[in-house]
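Please look over the sequence and the model before reading on.

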Protein chains: 2
Amino acid sequence: MPDLKQFLAEIEAEVQQQLELLLPPEEGPEARLYAAMRYSALAGGKRLRPALFAATLAAFGQSRTAWMPFAAALEMIHTYSLIHDDLPAMDNDDFRRGRPSCHRAFDEASAILAGDALLTHAFAVMLSVPAEPERLCRAVALVARLAGCGGMVAGQAAELASSPESIDRPRLDEIYRGKTGALLACAVLSAAHLCGAGERELAALELYSYQSGRAFQIIDDVLDVQGDSALLGKNTGSDVKNKTRTYASLLGCYAARAEALLSAEKALQALEIFDTRSDLLRSFPEFFVSRDH
Amino acid sequence: MPDLKQFLAEIEAEVQQQLELLLPPEEGPEARLYAAMRYSALAGGKRLRPALFAATLAAFGQSRTAWMPFAAALEMIHTYSLIHDDLPAMDNDDFRRGRPSCHRAFDEASAILAGDALLTHAFAVMLSVPAEPERLCRAVALVARLAGCGGMVAGQAAELASSPESIDRPRLDEIYRGKTGALLACAVLSAAHLCGAGERELAALELYSYQSGRAFQIIDDVLDVQGDSALLGKNTGSDVKNKTRTYASLLGCYAARAEALLSAEKALQALEIFDTRSDLLRSFPEFFVSRDH
């Protein structure tokens, strides 16, 4: 098996470098906006979406070099969603990745605009990579569908709209599919589209993405109960405090971990049609269920 | 000259029909999000950006039928910008188009998410129209550039960041270029890209867009001082109340109108390289400077 830790470290450095280049410098009358964009986007994080994107390219035997701006754009979309999620009107979180969240470090208006600008800029960046135009259109259209009201934003809205008591397992799976799964699927499936993947491969990778996302999100919930806030870089216990319904609160931490393992298994099974070049992809679900931060 | 009033009425009906079809129905756990999106997007308005898009297609002798979803997507982007602009942390406007603004009719979280979803959905819709993929990529990339931190969002940020006293004419022109000009340029130039326009045509249309946008925005400022709030569907006097620096406050209403007329003239001159098929485009600057709402 390939060394995932080494791979993630490489991707992290490459994404940081891309974001440095792609985000506007802190100059001119809009300097505060650019500073807010850079503050949040360059704050680090695991860069999982770019890593999944690059691992999928590897599964198709494709070099990632020319397409790293696309990977960085996926991280801009992830960052925008975190900035808006943290706003007082949403989750009202003061900390993110061990630092004040964007609206605390700047102000609410700057945080709203920084999110808007990161989302829009991501589309400009994705559409600028050298690729066969028809495949590129398909890849970017998929990202737009899954990041918007056909995926991520829908998941956030469904969570906001549901009273905790009304959330049962099927509803929770639906929320996780949108909140977490959709953006992981963006990363995997956009890479597959750029590589000209066929229907059968796309279906397998879709299943892989959503099961991996479910495993990831369930462990996230468990870590919010059992994890170390210093290691995680954010306050724990927020789900209990906000009475958020999660797998951990619904089933207890052990049973929730069991659910995560079952999803990891399904994700691995979905990859059976691929050859050994997909070994990097195979290492993600295991990482998701064994992580402590 | 073609009948602009008739043309605008046609476009208004077609855009309304497209938005009805393209926006998700108010169903499921995300019903409130979809309701907020529909509430703001279907509230009417002049639909100027779709109209400029369609008029540009006409200037190239191109039918608009297959591309009206693209036009509607431009209106989604405009709507998202209004929803976020009206938020308490931004302009804090309670009314829009004669009705409570989105965050008043729903709530702040729904308004933030509805804006995010409209922006993202717009990209999915634009990328779904039948067009030559290379031209489509170019058109959508341009929209992403001009709607984001290379245009509209930059204009909003520059306005927020500038103390009114510090805004002189060059700075004000820069802010108008972003705030209003950029999205009009999106409409005109994306249509031109879809039609395969050359460098010379693109440069002329860019000049046309920004001068038209300047004329439009200056008259907007004048109407905020002299206009009829019932006719406008929003409170007047907000610029004075918020101490916003505008051409009207900088030069007075008469001199501001003169500036708008000069920009309208420049916009018309820019169209000289086009034939009579651009007559619809020619009628916009005149409309912008003579409107009373």
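In which loop of chain A does Asn92(A) lie? Asn92(A) is found in the loop between α4 (68-86) and β1 (95-96) of chain A. The model is predicted: local features need pLDDT of at least 70, side-chain atom pairs count only at pLDDT 80 or more, and totals for chains, interfaces and linings use all residues. Residues are numbered from 1 along each chain as its sequence is written, chains are lettered from A in the order in which they are written, and side-chain values use heavy atoms, with hydrogens and water left out.

- Most residues other than glycine have a negative phi.
- Asn92(A), although not a glycine, has a positive phi of about 55 degrees.
- Arg47(B) is not a glycine either, yet has a positive phi of about 55 degrees.
- The loop that holds Arg47(B) runs between α2 (31-41) and α3 (48-59) of chain B; helices (H or I, at least four residues) and strands (E, at least two) are DSSP runs, numbered from the N terminus.

**Accessibility**

- Asn92(A) counts as partly exposed because its relative accessibility is 45%, whereas Arg47(B) is buried, with a relative accessible area of 1%.
- Buried means under 20% relative accessible area, exposed over 50%, and partly exposed in between (1.4 Å probe, protein chains only).

**Relation of the two chains**
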